[in-house]
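Let's take a friendly walk through a protein model together.

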Amino acid sequence: MIMFFDWVVKQPGVGRDVGVYNVVIKALGRRKFFDFMVGKFREMTNKGVVPSCDTLMIVMDSFVRSRRLSRAMEVFAELEAFGMKRDTEAFNVLLRCLCKRSHVGIANSLLHSMKGKVVVDCVGYNVVIGGWARLGKVGEMEKCLKEMVDDGFCADCRTYSSVIECVGRAGQVDDALKIFKSMKGESCRPDVRVYNAMIANFVSVEDFGECMIYYQDMLNNDCAPDLDTYKCIISGLIKARKVADALEMFDKMLHHGVTPTPGVVTSFIEPLCSFGPPHAAMMLYKSARKYGCKISVTAYKLLFMRLSRFGKCAMLLDLWNEMQECGHSSDMDVYEYVVNGLCNNGQLDTAVFVMEEALRKGFCPSRLIYSKLNNKLLAFDKSDIAYKLFLKIRRARASENARKYWRANGWHF
């Protein structure tokens, strides 16, 4: 990987900038090549490239994710050697990495021990308070909040959102409501994060009536809901099997110009494909396509699986064409879902054609799908077709076994 990187940066049109280094450092950190990662981090200064906070976040998060907290703190202590200042911004990056990986106690202790050495600001306190909030530790959160006020910092909307989230996770929804009302008395206007925390609390107890009241209050106060707002509400409605309300809210989200990411669309389709017929999932998919949302391959596979189970061949084939129009390529999972759906509907000739296309592309079907198709052909007295398909499957399986053997021995052809 290092050799490839050194070769790439020497090519015309490719330079040594922060973005390129961030990609390499992140890849090395994921594979736990920490010595090489630190070497590239140090090389940036030697090559005249100034590291950014994103670079520092990648390095520290790689250590914290692997539970090497002491190494992350060593990097912070030696930041001058890496061409960075050991200032408040860098310290907040360290706190954020620790709290992100649930090491909130260590972040809290570090916040105390670094007072006087580094200027601690409101952002650092908010990071730690947010960490306690995600764990639902009300007592620890209150202690940190008191220290923040004693140090002369005023609570802002981010602080309030973390406090409301914390008491909500602890099951104290009534206290969260009192805190929300106290904001207006202190002339602090709630922002979208505060509303999201309140909505999440009511969704967790499946009180969708109050949830929609706060959603409407957002709109009345010119506080535009964001993707997190709609994701929380729609996911809660789907979990509670209120599918019609979830689809209505999804349409509202698209109408208000909030475009979901492919991962969010997939998170909606996945539970819809776990119960009932595929009608609701297809309605959500069509709405997303209508507004130009990108659909992931995983979402398409979930729809294929559900449609094939219910024998909806026409819808399945149309969906397959749409997937290919979006630029997604078909793998063996897609072909197996299509073949399974065609077998369930009795369209054996089409199923054989699809299977042969998969074989021509170098895929080898699972024994379960092939056995199902073979038994169907024999049951309908199509022995000749079954035998010809058997010969092709035998050759494909022999090639697949040989390929697995080569790769097991390190030969990649």
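## A partly exposed residue

N401 is partly exposed, because its relative accessible area is 44%, a value between the 20% and 50% cut-offs. You will find N401 in helix α23. Keep in mind as you look that this is a predicted model.

## Helices side by side

Now for some helix pairs. Two packed helices are described by the angle between their axes and the distance between the axes. Start with α12, which covers residues 192-204, and α13, which covers residues 208-220. They pack at an angle of about 165 degrees, and their axes are 8 Å apart. That angle makes α12 roughly antiparallel to α13, since angles over 145 degrees count as roughly antiparallel. The crossing of these two helices, α12 and α13, is left-handed.

Which residues of α12 and α13 meet? From α12 come V192, Y195, N196, M198, I199, F202 and V203, and from α13 come F208, E210, C211, Y214, Y215, D217 and M218. Sorted by class, the residues of this contact between α12 and α13 are eleven nonpolar, one polar and two charged.

## Another antiparallel pair

Next, look at helix α19 (residues 313-325) and helix α20 (residues 332-344). Their axes come within 9 Å and cross at roughly 160 degrees. With that angle, α19 and α20 are therefore roughly antiparallel to each other. The crossing of α19 and α20 is left-handed.

On the α19 side, the contact is made by C313, L316, L317, W320 and M323. On the α20 side, the residues are V334, Y335, Y337, V338, G341 and L342. By class, the contact of α19 with α20 has ten nonpolar residues, one polar residue and no charged ones.

## A parallel pair

Are α15 and α17 roughly parallel or roughly antiparallel to each other? Helix α15 (residues 243-255) and helix α17 (residues 279-290) pack at an angle of about 5 degrees, with 10 Å between their axes. They are therefore roughly parallel, because angles under 35 degrees count that way.

Residues V243, L247, F250, D251 and L254 of α15 meet A280, M283, L284, S287 and A288 of α17. The contact of α15 with α17 contains eight nonpolar residues, one polar residue and one charged residue.

## Inside the protein

How many residues are in the largest nonpolar core? It has 137, and the residues with the most contacts inside this core are F41, L56, F76, F91, I234 and L373.

Another residue to look up is T159, in helix α10 (residues 157-169). Is T159 buried or exposed? Its relative accessibility is 1%, so T159 counts as buried. Leaving aside neighbours within four places in sequence, T159 is in contact with N126, I129, L145 and M148.

## Out in the loops

Most residues other than glycine have a negative phi. Where can you find K32? K32 is in the loop between α2 (18-30) and α3 (34-46), and its phi is near 65 degrees, a positive value in a residue other than glycine. At 54% relative accessibility, K32 counts as exposed.

D381 also has a positive phi, near 60 degrees, and is a residue other than glycine. D381 is in the loop between α22 (367-379) and α23 (383-408), and with a relative accessible area of 65% it is exposed.

## Across the model

To finish, here are two distances to trace on your screen. G48 is in the loop between α3 and α4 (53-65), where it is exposed, with a relative accessible area of 61%.

L368 is found in helix α22 and counts as exposed, at 66% relative accessibility. How far apart in space are L368 and R42? From C-alpha to C-alpha they are 53 Å apart, and in sequence they are 326 residues apart.

Note on methods. Residues are numbered from 1 along each chain as its sequence is written. This is a predicted model: local features need pLDDT of at least 70, side-chain atom pairs count only at pLDDT 80 or more; totals for chains, interfaces and linings use all residues. Side-chain values use heavy atoms; hydrogens and water are left out. Axes are lines fitted to C-alpha atoms, for helices over the stretch in contact, and angles run from 0 to 180 degrees between N-to-C directions. Helices (H or I, at least four residues) and strands (E, at least two) are DSSP runs, numbered from the N terminus. Angles under 35 degrees count as roughly parallel, over 145 as roughly antiparallel, 65 to 115 as roughly perpendicular and the rest as oblique. A crossing is left-handed if the near helix is turned anticlockwise from the far one by less than a right angle, and right-handed if clockwise. Contact means heavy atoms within 4.5 Å. Ala, Val, Leu, Ile, Met, Phe, Trp, Tyr, Cys and Pro count as nonpolar, Asp, Glu, Lys and Arg as charged, and the others, Gly among them, as polar. A nonpolar core is a set of buried Ala, Val, Leu, Ile, Met, Phe, Trp, Tyr and Cys residues joined through side-chain atoms within 4.5 Å. Buried means under 20% relative accessible area, exposed over 50%, partly exposed in between (1.4 Å probe, protein chains only).
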